[in-house]
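Hi everyone, thanks for coming. I'd like to walk you through some side-chain packing today.

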Amino acid sequence: MEAVIFIGVQASGKTTFYRERFFSTHVRISLDLLKTRHREMRFMQVCLETQQPFVIDNTNPVREERQRYIEAAKAARFRVVGYYLQSSIEECKARNEGRCENQQIPLVGLLGTYKRLELPSLNEGFDELHYVRIAEEGRFVIERWSDEV
C-alpha cells in the first residue's frame, strides 16, 4: 500500500495535482476538509487499518509535521512517497488571487508557510521523493528527487 505526502506552499497546485494523478486510486486526507488534527488522524488510521492508499494534501512545510505521517505509514508497512510542489511565492500569490474570494489564503498565511518551508529529504523516511512543477501550458512535470541539489 502507498501513503503519499504532499509538500508545498498554499496555491502551489497540490489539490489539482491530487485530482489529476490520485483521485481514482487514493483517499484524500486534508485539513482543509476535515478541520481538525483529530479527524485527520482518525481518517488516516482507517486508511492504515484497511490498507487503503491515501494522500496527505496539506502544506507539510517542516520535517516535524511530515514525520507524524511517515512514522504511522511505515509502522503499517506502507510505502511512503513524497511530492514537493515547487513554486515561487509570486506564482502562488497569482494562483491564490485567481481563486474564489472565499477560498483565498490571506497573504500573511502564504508568506508564513513559505518562510517555514524546509526542503524534504530522502533521509526523513520517504521511499521515493519527487519534484513537481507546473509547466507553462499548465501541465505537471514530475522529476525524481535528488538530495544532492
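I'll go through the aromatic rings and then one asparagine.

A word on the basis: this is a predicted model, where local features need pLDDT of at least 70, side-chain atom pairs count only at pLDDT 80 or more, and totals for chains, interfaces and linings use all residues. Residues are numbered from 1 along each chain as its sequence is written, and side-chain values use heavy atoms, with hydrogens and water left out.

Searching the whole structure turns up twelve aromatic pairs. Here, rings of Phe, Tyr and Trp (its six-membered ring) pair if their centres lie within 6.5 Å; planes under 30 degrees apart are stacked, over 60 edge-to-face, and the rest tilted. One of the pairs is Tyr-18 with Phe-23, edge-to-face at 6.5 Å centre to centre and 75° between the planes. Tyr-18 is buried at 7% relative accessibility, while Phe-23 is exposed at 58%. Buried means under 20% relative accessible area, exposed over 50%, and partly exposed in between (1.4 Å probe, protein chains only).

Next, Tyr-84 and Tyr-131 also pair edge-to-face, 6.5 Å centre to centre with 70° between the planes. Tyr-84 lies in strand S4 (residues 79–85) and Tyr-131 in strand S5 (residues 128–134), so this pair ties together parts 47 residues apart in sequence. Helices (H or I, at least four residues) and strands (E, at least two) are DSSP runs, numbered from the N terminus.

Finally, our asparagine: Asn-96 is in helix H5 (residues 89–97), and it is buried, with a relative accessible area of 5%. Thanks, all!
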